[in-house]
Amino acid sequence: MKHLHSWLSGVVIVATALSFFACDNDKEEDTLAYPSALVTVKPNKTNNTYTLQLNDSVALQPINKTASPFGDKEVRALVNYNVVNGPDAKDGDGRVKDITYVNVNWIDSIRTKYMAKNVGDNNVKTYGNDPLEVVNDWVSIAEDGYLTLRFRSRFSRGVTHTLNLVYTPTTDNLYKVTLYHDAKGDLFGRTMDGLIAFRLRDLPNTRGKYVWLTLEWESYSGKKSARFKYATRKETIASKTNMAILTAPVQVTNIN
């Protein structure tokens, strides 16, 4: 690939480690320029394969690249793929499994991290309270045990901003989280967008039901909130691998 995918250029600058697969045919540029989906990359240590979790219930099985480009780390990622035919797989009862096989054209990891500890009245002092905006976009979503957000802030070169998500329940709302932003004094740079994903491991189990997850943050016009449909992630063999705490070593905008 000769250039950053066009949907990421200009306004949308995503902090990712770029891991490109085959992209040689210039005639396919329009098709390959945009992501097909936002997924969780789930490596399976038992056989060195991986799956791409598309949402809370559907998984994709890569067939052209069987080993995860991120090793044994679980990350959220943008992926461009094509559905292809694959071998029939059978379960223990001899029934054919319903598996969607794909060829992965390219895949970009998103900064993926755990939630931060709630330190009560010291949350702002510990994690910062600098403004940002959460963008209403298809990649701002709660699924597969993660809250993935497209956000907007001001960035200058050489300054690493830190974003943290903290579980901040109230008596009336057990499913409430707060996004904290420490710009490290970098408040007057260029306005740019980024993507970040948080593993929602600190929330109470929803017992298979969907609930409303409330997100709060400090925006440029005061405190704001948004709600996301959320259900506790179903555990699988692949989901028990290590999740990447430090990903995206190459970043266009510095985000931690």
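## What counts as a sheet here

Two strands are taken as paired when DSSP finds at least two bridges between them. Keep in mind that this is a predicted model.

By that rule, β11, β12, β14 and β15 line up in that order as an open sheet of 4 strands, with mixed pairing. The edges are β11 (162-167) and β15 (222-230), and each of these pairs on one side only. On average, neighbouring strands of the sheet are turned by 25 degrees against each other, direction ignored.

## A look at the β11-β12 pair

How do β11 and β12 run relative to each other, parallel or antiparallel? They run antiparallel, and 6 bridges join β11 to β12 (residues 176-182).

## The main core

Nonpolar side chains tend to be buried together in soluble globular proteins. In this model, the largest nonpolar core has 24 residues. L147, L165, V177, L179, L203, L213 and L215 have the most contacts inside that core. At least two core residues come from each of β10 (146-155), β11, β12, β13 (190-199), β14 (211-219) and β15. The top contributor is β10, which gives 4 residues.

L179 is a handy place to start exploring. Leaving aside residues up to four places away in sequence, L179 touches L132, V134, L149, L163, N164, L165, F198, L215, E216 and W217.

Terms used:
Residues are numbered from 1 along each chain as its sequence is written. This is a predicted model: local features need pLDDT of at least 70, side-chain atom pairs count only at pLDDT 80 or more; totals for chains, interfaces and linings use all residues. Side-chain values use heavy atoms; hydrogens and water are left out. Axes are lines fitted to C-alpha atoms, for helices over the stretch in contact, and angles run from 0 to 180 degrees between N-to-C directions. A nonpolar core is a set of buried Ala, Val, Leu, Ile, Met, Phe, Trp, Tyr and Cys residues joined through side-chain atoms within 4.5 Å. Buried means under 20% relative accessible area, exposed over 50%, partly exposed in between (1.4 Å probe, protein chains only). Contact means heavy atoms within 4.5 Å.
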